[in-house]
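Biologist: I would like to go through this model a piece at a time. Please show it first, and then I will ask.

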Amino acid sequence: MMLATNKKISSREDVIRIAKLYFSRWRIEDNYPLLADSKYTGNQGRVIRIVYIAALFSGGYFAMGNILWFAAEKARGIGWAAQKNARRPGVIFIGSMAAVSAVNLVYLFLAKYPGNLTADSLWQIEQIVSGNYSNHHPYYHTLVIRLFYTVGLELFGDINAAVALYQLFQILFMAGCFSFVVLTLCQAGFPKKPVALVFVWYAAMPFHIMYSFTIWKDIMFGGMVVLFAVSVFRILKEIGRYSLVNYLTLVAGGVGTCLFRSNGWFVFALSAVCFGCLFRKKERKLIVLFCGILAVTFLLKHAALAWLGVVQPDTIEALSVPAQQIARVIADGGRVSDEQLDLLEKVVDVGAVKEKYNPRISDPVKNLVRAKGNQGCLSDNKGAYLKLYMDMGLANPVEYAKAWIDQTKGYWNAGYFYWRWADGIQENQLGISRTVRSVPVEKVLNKYLWLFSSVAPLQIFMCIGFYVWGIGVLGYICMVRKNREGFFLCIPNLAVIFSLLIATPVYSEFRYAYAIFCCMPLLICAAFAKGKS
């Protein structure tokens with residue numbers, strides 16, 4: 001018994017040690033521009049850098065250690081008596097869905113009609129109008145828009161009403177996903193106060209309000225991840241009388257997760273592998289179901305789209321991070337051979353890279369590749385360009401590291417401000433325009449949005465890096481409590497972030513990580529959930 005106990009303690013201490021080291025290391029890496037400041041010169045500069053690195057490392061090391069120690073010690077004692085909150089589950093679900101929807105519908109029809117549309121939104125509508133489809137924005141999401149757009153145009157004969165009908169559907173869909181979480185927590189016996197806070201989170205957070213009537217693939221993707229996560233939780237905890245409902249919502253959420261974002265299939269696949277490692281033969285039925293979803297959606301993403309003639313994204317779209325790393329070497333005057341320059345010149349204007357390179361956004365470099373018009377050379381010579389990428393990395397590891405840090409730091413470090421939601425309709429030739437029916441309602445909403453953007457204590461609610469490290473802490477709490485179900489729910493959300501760390505085009509795009517903000521209340525509650533009801 002003593003030996004087994006020592007092994008468990010050692011394992012837990014290893015987790016803490018690794019977390020402290022990574023947190024400290026990333027704090028140093030993120031602040032590398034300060035360490036390279038030119039005003040720190042000579043011996044004095046070296047001393048200042050050493051002191052600065054030591055302060056960053058020790059601060060991060062001890063802060064994370066104390067956070068994990070506190071989480072482990074306090075998590076053991078948290079508990080509650082099971083509540084009977086779900087005697088009328090239908091009333092709870094419909095009531096909470098109606099309340100969340102009502103808030104968003106008031107803002108949509110009185111202040112933001114027919115919704116918020118950016119260039120990405122308009123491109124999807126233009127595809128519907130022209131009939132020429134691209135999977136750059138997921139084709140199956142565009143199909144959903146087309147369904148309501150077509151019905152709206154047929155019923156009302158007005159493009160703004162057609163767009164608003166889709167927004168109405170999206171508001172109801174997202175409210176339904178959030179209400180399913182509220183219902184699940186009630187049925188699982190969580191106390192009324194935490195459940196009420198979860199409801200307020202979904203009804204009042206500004207990003208939920210603004211995203212509910214914004215046409216972006218990321219919004220429905222967030223709802224699908226919620227459906228997937230909450231359905232798995234319900235099945236594993238045996239929540240609800242009708243298990244068929246849980247399995248149907250799991251299939252819907254799983255398929256939507258795979259199809260409604262380009263990184264969704266990867267997120268679901270990684271989650272399925274981790275689920276198999278955690279539960280193995282114990283949940284064989286779910287593992288088979290996950291494999292079936294992966295197989296069907298793979299065919300839908302590739303064979304079906306090829307048969308339909310839907311254009312796939314161009315090659316460079318998936319290479320944001322490698323493109324940024326190579327561009328950083330060129331922009332910083334790194335070591336590049338003449339042979340490598342000749343190979344690069346076939347696909348990009350190398351002379352324009354230094355001027356166009358933006359360390360936080362890959363679009364300028366990708367557009368240079370597109371302007372060259374020779375992406376087929378990348379596809380036809382994958383081995384040569386892979387070797388070029390690896391050789392340049394070995395010769396310029398510091399530039400590669402800097403490029404990766406600057407391109408991804410908004411997802412793993414707190415404190416970066418970048419736009420979080422669209423508020424308007426981009427100028428277009430389709431005839432879609434904004435109508436404000438109540439100026440007072442618009443002013444109230446805009447003031448509310450301003451508070452979360454400008455008041456420092458409220459900004460933490462919209463900080464991606466803070467939530468990512470929070471999920472890590474929740475995962476550790478689940479390990480301490482031996483809560484495999486809660487631990488698994490963290491995995492799809494961390495998989496979303498991991499996919500961004502290897503392929504994000506923007507350093508801190510809130511909507512790319514929106515699924516995390518949709519799932520966070522469920523993750524917190526699941527971390528402290530009891531055994532099967």
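Biologist: Which helix gives the largest share of the lining of the second largest cavity?

Modeller: This is a predicted model, in which local features need pLDDT of at least 70, side-chain atom pairs count only at pLDDT 80 or more, and totals for chains, interfaces and linings use all residues. Residues are numbered from 1 along each chain as its sequence is written, and side-chain values use heavy atoms, with hydrogens and water left out. The elements giving two or more residues to this lining are helix H4 (89-111), H7 and helix H9 (206-212); helices (H or I, at least four residues) are DSSP runs numbered from the N terminus. The largest share, four residues, comes from H7.

Biologist: How much space lies in the second largest cavity?

Modeller: A cavity is a set of points on a 1 Å grid over the protein atoms alone where a 1.4 Å probe fits but cannot get out, and lining residues have an atom within 4 Å of a point. Grid points are joined across faces, edges and corners, and a volume is the space filled by probe spheres set on the points. The lining includes Phe-178, His-208 and Tyr-514. The space in this cavity is about 50 Å³.

Biologist: How many charged residues does its lining have?

Modeller: Ala, Val, Leu, Ile, Met, Phe, Trp, Tyr, Cys and Pro count as nonpolar, Asp, Glu, Lys and Arg as charged, and the others, Gly among them, as polar. The lining of the second largest cavity has nine nonpolar and three polar residues. The number of charged residues is none.

Biologist: Against which helices do the buried residues of H5 pack?

Modeller: Buried means under 20% relative accessible area, exposed over 50%, and partly exposed in between (1.4 Å probe, protein chains only). In H5 the buried residues are Ser-121, Leu-122, Gln-124, Ile-125, Gln-127 and Ile-128. Contact means heavy atoms within 4.5 Å. These buried residues pack against helix H6 (139-156) and helix H7 (159-187).

Biologist: Which peptide bond is cis, with omega near 0°?

Modeller: Most peptide bonds are trans. Pro-114 has its place in the loop between H4 and H5. The cis bond runs from Tyr-113 to Pro-114.

Biologist: Is Lys-482 buried or exposed?

Modeller: Lys-482 lies in the loop between helix H24 (464-480) and helix H25 (484-503). Its phi is positive, about 55°, although Lys-482 is not a glycine. With a relative accessible area of 65%, Lys-482 is exposed.

Methods
On a 1 Å grid over the protein atoms alone, a cavity is a set of points where a 1.4 Å probe fits but cannot get out, and a pocket is an open set with protein on both sides within 12 Å along at least five of seven lines; lining residues have an atom within 4 Å of a point.
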